[in-house]
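Please open the structure in your viewer and keep the selection tool ready. The tour goes from stop to stop, each with something to select.

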Amino acid sequence: MAQDLFQAPDYFQLDDLLTEEHKLVRDAAREWVKREVSPIIEEAAQKAEFPTSIIKGLAEIGAFGPYIPEEYGGAGLDQISYGLIMQEIERGDSGVRSTASVQSSLVMYPIWKYGTEAQKQKFLPKLASGEFMGCFGLTEPDHGSNPSGMVTNIKDMGDHYLLNGAKMWISNAPFADVAVVWAKNEAGRIKGLLVERGMEGFTTPETHNKWSLRTSSTGELIFDNVKIPKENILTEKDGLGAPLGCLDSARYGIAWGAIGAAMDCYDTALRYAKQRIQFGKPIAGFQLQQKKLAEMITEITKAQLLTWRLGVLKNENRATTAQISMCKRNNVEMALNIAREARQVLGAMGISGEYSIMRHMMNLESVITYEGTHDIHLLITGFDITGIPAFK
Ligand code: TGC
Ligand code: FAD
């Protein structure tokens, strides 16, 4: 990839809305991405490999459990800092942000919120340091948008549970040390459980041939009569609301992350347009290119404001599921549209790995589908404003 010359757009001086701590955390993440991610990410994407070498760095910038209390190894930061870290990581690559999102919001969050004290002590510090990696199994082959229909199940065998079923499209699965898995008990109630690598009957085959999110490792979770000790059940919450609560936190991080991808595409296109000469002048001087660039910065600025406000509400525990859905949906679509337009600004160079735009564009095709599809988020807004669920 060409040298990383990224300069973050801040058209409405939104830095004024951030605290010194926010800016310190954001700048540390930004520098780390420039130094450690940008130089290696294109090759990792071409090879479809998760770059394990960055795990330690992700832990050091606080990307694993940014808002988890320090007593459990987390960074003890607020929600805006969490968002800014996700923004900076996804500026580098959505696949790397995915790994951090899953670890923080889908593995550490449920253990912290729904787990026992022993589970918190056993897993959280190791997940925060990157010594353990985790994954989150909700989606099944026949149940994606409708997780309430899941068929993965546990049976109470007295001194343990027996787990059977399968999950698919699971980020981090192939290398995860621990999986937060959602399964139904005999009464049909959804329970959360911690499945550890090495348990007999538990396998995690890798999913190949992805054109998107190639730096993130994706796989299946297969459970064939896996014995789950009773102390591995998340005891403090059950029902579909438990996994959906985790998704609120992850979707919030994605809303910020998508801004990062959009900023990188815009910044790349702006710089290229000012340098590329056609018909005797920089293409940035043509009205059609200016329209693209002006609309990009307008949409990024609107998303930045929306998301900052969501962060304030989240810090006050006032952000609703529907607000988070609106923000995730808006920002990912915004980023995808900007990636498509930015790619055109670069002409043929737009499809080259010399630049990050095509990689962002392909990544965002996953981001617009996972953590609730674009359609499902629209229906969540529709439900919120009408009071009528249109999911089924
Ligand atoms: P519904 O009847 O609406 O709700 C069931 C129960 O859950 C409660 N609830 C919530 N609780 C906490 N937080 C939320 N966000 C909640 N939303 C709903 C609700 O009150 C109810 O409680 P109760 O006590 O009455 O039972 O459920 P539904 O079956 O109609 O489904 C609604 C729908 C479609 C919105 C939901 O199923 C949904 O969001 N589907 C999308 C599935 C999804 O997002 N999957 C993501 C999988 S994980 C992933 O993609 C990780 S990608 C990782 C990466 O690499 O970054
Ligand atoms: P489906 O639910 O089959 O949807 C197909 C289409 O139908 C979509 O366009 C959808 O919007 C539409 N549709 C569905 N229901 C309705 C409706 N009621 N009204 C209107 N339209 C509807 N899952 C995890 O549990 N953990 C992970 O770590 C994880 N990581 C992922 C990583 C990647 C790279 C990808 C691509 C997915 C990942 N997922 C993960 C799965 C992801 O959450 C699901 O793909 C997503 O929820 C959609 O489910 P589905 O693919 O089965 O699509």
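## Stop 1: a glutamine in a helix

The side chain of glutamine 103 reaches the backbone oxygen of phenylalanine 132 at 2.9 Å. This is a polar contact, a pair of N or O atoms within 3.5 Å; within protein, one must be able to donate a hydrogen and the other to accept it, and residues adjacent in sequence count only if both atoms are side-chain atoms. Glutamine 103 sits in helix 4. Helices (H or I, at least four residues) and strands (E, at least two) are DSSP runs, numbered from the N terminus. Is glutamine 103 buried or exposed? Glutamine 103 has a relative accessible area of 0%, so it is buried. Buried means under 20% relative accessible area, exposed means over 50%, and partly exposed is in between (1.4 Å probe, protein chains only).

Before going on, note that this is a predicted model, in which local features need pLDDT of at least 70 and side-chain atom pairs count only at pLDDT 80 or more, while totals for chains, interfaces and linings use all residues. Residues are numbered from 1 along each chain as its sequence is written, chains are lettered from A and ligands numbered from 1 in the order in which they are written, and side-chain values use heavy atoms, with hydrogens and water left out.

## Stop 2: ligand 1

Select ligand 1 and the residues near it, where near means that a heavy atom of the residue lies within 4 Å. There are 26 residues around ligand 1, and the closest are Ser98, Ser171, Arg251, Thr321 and Glu371. Now look at individual contacts. The side chain of aspartate 248 has an N or O atom 3.0 Å from a nitrogen atom of ligand 1. In the side chain of threonine 321, an N or O atom is 2.8 Å from a nitrogen atom of ligand 1. Glutamate 371 uses its backbone instead: an N or O atom there lies 2.8 Å from an oxygen atom of ligand 1.

## Stop 3: ligand 2

Select ligand 2 next. Which residues come nearest to ligand 2? Of the 17 residues around it, they are Thr139, Ser145, Trp169, Thr373 and Asp375. A polar side-chain atom of threonine 139 is 2.7 Å from a nitrogen atom of ligand 2.

## Stop 4: the largest pocket

Hide the ligands and show the protein surface. On a 1 Å grid over the protein atoms alone, a pocket is an open set of points where a 1.4 Å probe fits, with protein on both sides within 12 Å along at least five of seven lines; lining residues have an atom within 4 Å of a point. The largest pocket has a volume of about 1300 Å³. A volume is the space filled by probe spheres set on the points, which are joined across faces, edges and corners.

Select Gly144, Ser145, Arg251, Glu371 and Gly372: among the 43 lining residues, these lie nearest the centre of the largest pocket. Elements that each supply at least two lining residues include helix 4 (94-114), strand 3 (160-171) and helix 6 (241-275). The lining has 20 nonpolar, 15 polar and eight charged residues. Here Ala, Val, Leu, Ile, Met, Phe, Trp, Tyr, Cys and Pro count as nonpolar, Asp, Glu, Lys and Arg as charged, and the others, Gly among them, as polar.

## Stop 5: the second largest pocket

The second largest pocket has a volume of about 370 Å³. It is lined by 16 residues, and Gln79, Tyr109, Lys113, Lys314 and Asn317 are the closest to its centre. Helix 4, helix 6 and helix 7 (287-315) each give two or more residues to this lining. By class, the lining of the second largest pocket divides into six nonpolar, five polar and five charged residues.

## Stop 6: two loops

Select asparagine 209, in the loop between strand 6 (202-203) and strand 7 (218-229). Asparagine 209 is not a glycine, yet it has a positive phi of about 65 degrees. Its relative accessibility is 76%, so asparagine 209 counts as exposed.

Finish at phenylalanine 279, in the loop between strand 8 (277-278) and strand 9 (281-282). Phenylalanine 279 also has a positive phi, near 50 degrees. Phenylalanine 279 counts as exposed because its relative accessibility is 80%.
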